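The sequence and structure are shown first.

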Amino acid sequence: MTLNSNDLARTTDVIIVGGGLAGLFCALKLSPRPVTVISAAPLGEGASSAWAQGGIAAAVAEGDSAEAHAADTIAVGGGIVDEDVALGLAREAGARIHDLLQYGVPFDRDLEGKLAVGREAAHSARRIVHVQGDMAGKAIIAALIEAVRKTLSIRVIEGYVAEALIAEGDAVSGLQLRKADDAIAAPIIIPSRAIVLATGGIGHLYSVTTNPAEASGSGLAIAARAGAVIADPEFVQFHPTAIMVGRDPAPLATEALRGEGATLINGKGERFMLALNPLAELAPRDIVARGVFAEIAAGRGAYLDATKALGAAFAKKFPTVYASCMAAGIDPAKQPIPIAPAAHYHMGGIAVDRHGRTSLKGLWAGGEVSSTGAHGANRLASNSLLEAVVYAPRIAEDIDGNVFARSPLAVPSQTPRNCAMPPLTEANLRSMMSSHVGVVRDGDRLMEAVQAFAAIEQSTGNIALRNMATTALIVAASAWSRRESRGAHFRSDYTAEDPAQRHRTMTTLIEARNIALMLSDGATAKRSAKLSTGV
């Protein structure tokens, strides 16, 4: 819909930015309280959750327990998972699955009518609930969209991008929007007493990613620019089995394939994970991603082979992956699938408490844009959708328990002019994120990245690119600062874990900019020294 003065006059107290799982579920849980959902793309088209193939982790099978689920989450998280958060997440899983069933999500069932559960990497039990093998995300989002469209208290505004928060001190009072795909359109300022950011992750900051274009880190950026604390931004999970067929974003070969027995081989047909970890293909994602990365870097290539494990059953069990492969001329029932690691999930994000509250008054965050402490340095498979459906109701309950005093909207004296997105600069930023802040990192390349992103943030006249550079700078600066390897953060110059750094990162945009300034001053001093000595 097109916004006009009448729309602004009836703006609701609560605005949710994002049309994915966290945003839609939160809106439904707030009903019958009036709420406005802002989505850059039509509902269901720009959300990573709609693309999720794995499913939702939940200890719903006999013999399993929330405590075992939490233990697996903690074991994978590199020593920095908030254990209370992980246990709370696991204990609420069953109730949230029931909620989704009530909304009509058709989770797979066994012959006895019980929820069918699969196994994925680093889980000690079969506890992943699926929909038709690899269609969980699509089915969940479809069911929630239908419910949202039927709920009269929810107003949906599609085709608008949130490009800034209006804040004064530590309080947020409004949102600056602009029509999507129209850089020179006049911005619109909307007042709000409660804003929920559910804008997704940062995968599209990388040139190789499984995430949609909307996952460009904008939510994290606008919160950081308003002064919010950001947690664990250096921890980016790379999915080891993105399908390399020249598409951006890259199609995903779900981890459930390996759960069903598919193996990882190189161009010589050799299984390479057996020598790297006792769990082989079902090792934690960071280990598998580095194994795949090493084979590609060595020139041997990497492939996912399901010809023996699935064969002719591939199309029925994993229709989404099958369709992606066939569209590229690959028959996965008969041929190994070419793969590579791709930016997939951000463990970091806007720091929130157990209610989804950020460090700014009037601002909540849920889903991938937030960082709850549940994932630590390395997310356990299929815990992301679970986190979204657990925190969305918590946010709704917290907001619904508030009576917001009307505060004046601190409207900027003038809004910055916007220019068209410079495609080459955007491409260079994404390429540098993959090459310098990717699966394997080192201090020199991280330093180059920090300086480059800081320069873009300061110089660009395009607000979307500035937000991309803001998030890229925060991620790169925190990765430079963490001089150890932990979970998904791997430094080739600091390959071991440092016990002194066994803690979460809490940072701000000001701190990231200070790191960039320090590195720039250091580089200038080195150049001056070389010139003075004639080196």
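## The salt bridge between the domains

R430 and D248 form a salt bridge, with 2.9 Å between the closest N and O atoms. A salt bridge here is a side-chain nitrogen of Lys or Arg within 4 Å of a carboxyl oxygen of Asp or Glu. Between domain 1 and domain 2 the count is 1 salt bridge. On the side of domain 1 that touches domain 2, the largest share, 4 residues, comes from helix α9 (residues 285-297). Helices (H or I, at least four residues) and strands (E, at least two) are DSSP runs, numbered from the N terminus.

The residues on that side of domain 1 divide into 3 nonpolar, no polar and 3 charged. In this grouping Ala, Val, Leu, Ile, Met, Phe, Trp, Tyr, Cys and Pro are nonpolar, Asp, Glu, Lys and Arg are charged, and the others, Gly among them, are polar.

## Basis of the model

This is a predicted model, in which local features need pLDDT of at least 70 and side-chain atom pairs count only at pLDDT 80 or more, while totals for chains, interfaces and linings use all residues. Residues are numbered from 1 along each chain as its sequence is written, and side-chain values use heavy atoms, with hydrogens and water left out.

## Domains and their interface

The protein chain is divided into domain 1 (239-342) and domain 2 (423-533), with bounds from an automatic or database domain assignment. The C-alpha centres of the two domains lie 30 Å apart. At the interface, 6 residues of domain 1 are in contact with 6 residues of domain 2, contact meaning heavy atoms within 4.5 Å.

Domain 1 and domain 2 bury about 480 Å² between them, 66% of it on carbon and sulfur atoms. Buried area is the accessible area (1.4 Å probe) that two parts lose on being put together, summed over both.

## Other salt bridges

Side chains of opposite charge can pair when their charged atoms come close. By the salt-bridge rule the count comes to 33 salt bridges. One of them pairs R513 with E457, the closest N and O atoms being 2.8 Å apart. R513 lies in helix α16 (residues 509-533) and E457 in helix α14 (residues 443-459), so this pair ties together parts that are 56 residues apart in sequence. E457 is buried at 5% relative accessibility, whereas R513 is partly exposed at 36%. The classes are buried under 20% relative accessible area, exposed over 50%, and partly exposed in between (1.4 Å probe, protein chains only).

R486 pairs with E497, with 3.5 Å between the closest N and O atoms. Both R486 and E497 are in the loop between α15 (463-481) and β19 (506-507), 11 residues apart. R486 counts as buried at 1% relative accessibility, and E497 as partly exposed at 48%. Elsewhere, salt bridges that share partners join K29, E92, R96, D99 and R394 into one network.

The side chains of E112 and K114 also meet in a salt bridge (3.5 Å, N to O). E112 is exposed, with a relative accessible area of 63%, and K114 is partly exposed at 40%.

Is S384 buried or exposed? S384 counts as buried because its relative accessibility is 18%. The residue sits in helix α12 (residues 383-400). Leaving aside neighbours within four places in sequence, S384 is in contact with Y345, H375 and R379.
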